[in-house]
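I opened the model to look up a few contacts. My entries follow, in the order I made them.

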Amino acid sequence: MGTQSPPQSARPPRRANPQITRTVATLLAWFAKEARDLPWRRTRDPYAIWVSEIMLQQTQVKTVIPYWERWLRELPTLQALVDASPAKIHKLWEGLGYYTRVRNLQKAAQQICATQHGTFPQSFAAILALPGIGRYTAGAIASIAFDQPAPILDGNVIRVLTRLHGIADDPREKATNARLWSLAGELVERASQMRNHASPCSHLNQALMELGALICTPRSPNCPACPLQDACFAWRAGRVAEFPRVKTRAAVTDRRFLAFIVERDGRFLVQQRSDGVVNAHLWEFPNVEVAADCPPARAARTWLGGKPRAVQKLLVVRHAITRYRVTTEAYRVEPAAGTSRASAGGQWHLPAQLHDLPFTAAHRRILLALTRPGSGRD
């Protein structure tokens, strides 16, 4: 008979890679001294951490802080989120953008209350199964809230790992992405074995993100301050700016919109965006997309179904959405008698009522300009 393999429990543990061990120890020590005092780092409540992670998707920390604090004051528990009206959650999210995130938050809260008795799930698989949560977010919640060895891989971590290990291929390519996930997994797994640390997995993952956000930045990284400088391939090779190597982004496309401000008896006409479109359920002033050379008066005439009495520019709002550079021009429009098409599908509200509605970012700026002190509409 051949020699049988020893049972799994009898096998000696795999020896840790010394470089991985040094990296983990260095990051944990650095994070203990240099971590920012962020409000969601003062809690282990998985609900609060989950909300922070969803808000932080494609949004800067300094922007998120007041939103997170206000959200937790207004909706401090999962049940409070379940019970909140769509208008309330959209108003609390107003200005953060990517509003599918907030709708998925409520859907996930409803799912947790229906299937988990209102207790936030602890396993990575159960967290990943929630609406609006992908592999990165599930890993972040599992590691930060429950100190589990779940890896994370976002833009900051990708930048750190590609520079540290000299990974020159596009991180979005399947094989390269898998390698990066594997490296992130080795780091957090090694952290989990450090018994002298209270929250090693949580702090290791946060350290990777923090290093990318504060030191290993996309442009002008502060390499002399980096705790991993001596081990960094990109630094030693003088090629920091080459990593990560990503493909050229799609060209920016210009788009032009005209927004029409119509007043009747002290009320303004607004409309709510329908379900299934960008910024669904948010409010805005009536608007149309037009060509770059389209005269506003002609667009207003087409929209009204007749020539307006007056068209007066209020302001211009410029902003970017993904690969689009958007210009929104707002005009006060006075319809002529008999052009009632303007009110179709809209609602008339007093200025005070408008401020209670969740508006898209550009149209919120229009509203503020329309009702600011001195405008006569505050």
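**Notebook: salt bridges, packing and a hairpin**

I started with K91 and E94, whose side chains meet in a salt bridge at 3.1 Å, N to O; I count a salt bridge when a side-chain nitrogen of Lys or Arg is within 4 Å of a carboxyl oxygen of Asp or Glu. Both K91 and E94 are buried. My classes are buried under 20% relative accessible area, exposed over 50% and partly exposed in between, with a 1.4 Å probe and protein chains only.

I noted that this is a predicted model, where local features need pLDDT of at least 70, side-chain atom pairs count only at pLDDT 80 or more, and totals for chains, interfaces and linings use all residues. Residues are numbered from 1 along each chain as its sequence is written, and side-chain values use heavy atoms, with hydrogens and water left out.

I found 15 salt bridges in the structure. E74 and K88 form one of 3.0 Å, N to O. This pair links distant parts of the chain, with E74 in helix 3 (residues 61-74) and K88 in helix 5 (residues 86-93), 14 residues apart. Helices (H or I, at least four residues) and strands (E, at least two) are DSSP runs, numbered from the N terminus. E74 counts as partly exposed at 40% relative accessibility, and K88 counts as partly exposed at 31%.

I then checked D170 and R172, which meet at 3.4 Å, N to O, in a salt bridge. D170 is buried at 7% relative accessible area, whereas R172 is exposed at 57%.

Next I looked up F31 in helix 1 (residues 18-34). F31 counts as buried because its relative accessible area is 5%. Not counting residues up to four places away in sequence, F31 touches R41, H203, Q206, A207 and E210; contact means heavy atoms within 4.5 Å. Two of these, R41 and E210, are linked with R36 in a network of salt bridges. F31 and L211 are 180 residues apart in sequence and 8.5 Å apart in space, C-alpha to C-alpha.

I looked at N205 in helix 11 (residues 200-214). N205 is buried at 1% relative accessibility. Its contacts, leaving out residues up to four places away in sequence, are G139, S143, A150, P151, I152 and V188.

H319 has V326 of strand 7 as its bridge partner. Two residues lie between the strands, and T322 takes a positive phi near 45°.

Technical notes. Pairing = 2+ DSSP bridges.
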